[in-house]
Amino acid sequence: MTPETPEHEALCSRCGTSCHYGVPVNGLSVIVDDLHCTFLVRTDDGRFACSVYEDRFRQAPWCATAEEALEQGLLSQTCGYVAAARAKGPLAYRGKTRLHPRLEAKVLPAIRAEILARGAPAGVSLEGLRRFLARTGGGEFTVEEREGRFWLSPA
Ligand code: SF4
């Protein structure tokens, strides 16, 4: 199966995991609402889609192919591309995780602290980043893009 064939594309369930920023928390790569690629949109069926899909590698140089995402641990544990790779042979894979809401609520302060200390990838939605900061403690921040990341400073 080659990339970009309908069969290959059909392995994607449009869960949006690979297009969310994985924040390191206690050895896990955790995704949360609001911290995602600036081109990710939610569709009426509740799933996700890329608003620049046909042109994504030009407009979003941070975007990864399914194969790169697999190698870099950017997919979910239940992703169809992970399952297809496992069907070919043993695969130790630890991808991104979405925590149960109760556990997520406990680690949101740590995620906020991580973002404030180490910034976020420059491809992240600034609107979403600001929404995340507003719902996890508020405050006013200025954003500076440097070395491929957004860095936040209190305004
Ligand atoms: S550009 Fe890439 S990372 Fe961004 S939404 Fe599209 S597919 Fe996802």
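Where is arginine 56 placed, and in which helix? I started my notebook with that one, keeping in mind that this is a predicted model.

**Entry 1: arginine 56**

I found arginine 56 in helix α2, which covers residues 56-59. Next I asked: is arginine 56 buried or exposed? Its relative accessible area is 11%, so I wrote it down as buried, the limit being under 20%. I then looked up what arginine 56 touches, leaving out residues up to four places away in sequence. The list reads Glu4, Cys50, Pro61 and Cys63.

**Entry 2: salt bridges**

How many salt bridges does a search of the whole structure find? The search gave me nine. I picked a few to follow up.

**Entry 3: aspartate 33 and arginine 98**

Aspartate 33 pairs with arginine 98 in a salt bridge, and I noted 3.1 Å between the closest N and O atoms. I traced aspartate 33 to the loop between β2 (28-30) and β3 (40-42), and arginine 98 to the loop between β5 (96-97) and α5 (101-118), so this pair ties together parts that are 65 residues apart in sequence. I checked accessibility at both ends. Aspartate 33 is partly exposed at 38% relative accessible area, and arginine 98 is partly exposed too, at 39%.

**Entry 4: arginine 131 and aspartate 34**

Which residue forms a salt bridge with arginine 131 at 2.9 Å? I got aspartate 34, the distance being that of the closest N and O atoms. This pair links distant parts of the chain, 97 residues apart: arginine 131 sits in helix α6 (residues 126-135), while aspartate 34 belongs to the loop between β2 and β3. Accessibility came next on my list. Arginine 131 counts as partly exposed, with 37% relative accessibility, whereas aspartate 34 is buried, with a relative accessible area of 11%.

**Entry 5: glutamate 127 joins in**

I stayed with arginine 131 and found its side chain meeting that of glutamate 127 in a salt bridge, 3.5 Å from N to O. Both residues lie in helix α6, four residues apart, which is about one turn of the helix. Is glutamate 127 buried or exposed? Its relative accessibility is 61%, so I put glutamate 127 down as exposed, the limit being over 50%.

How values were computed. Residues numbered from 1 in each chain as written. Predicted model: local features only at pLDDT ≥ 70, side-chain atom pairs only at ≥ 80, totals over all residues. Heavy atoms only, no water. Helix = DSSP H or I, 4+ residues; strand = E, 2+ residues; numbered from the N terminus. Buried < 20%, exposed > 50% of the residue type's maximum accessible area, 1.4 Å probe, protein only. Contact = heavy atoms within 4.5 Å. Salt bridge = Lys/Arg side-chain N within 4 Å of Asp/Glu carboxyl O.
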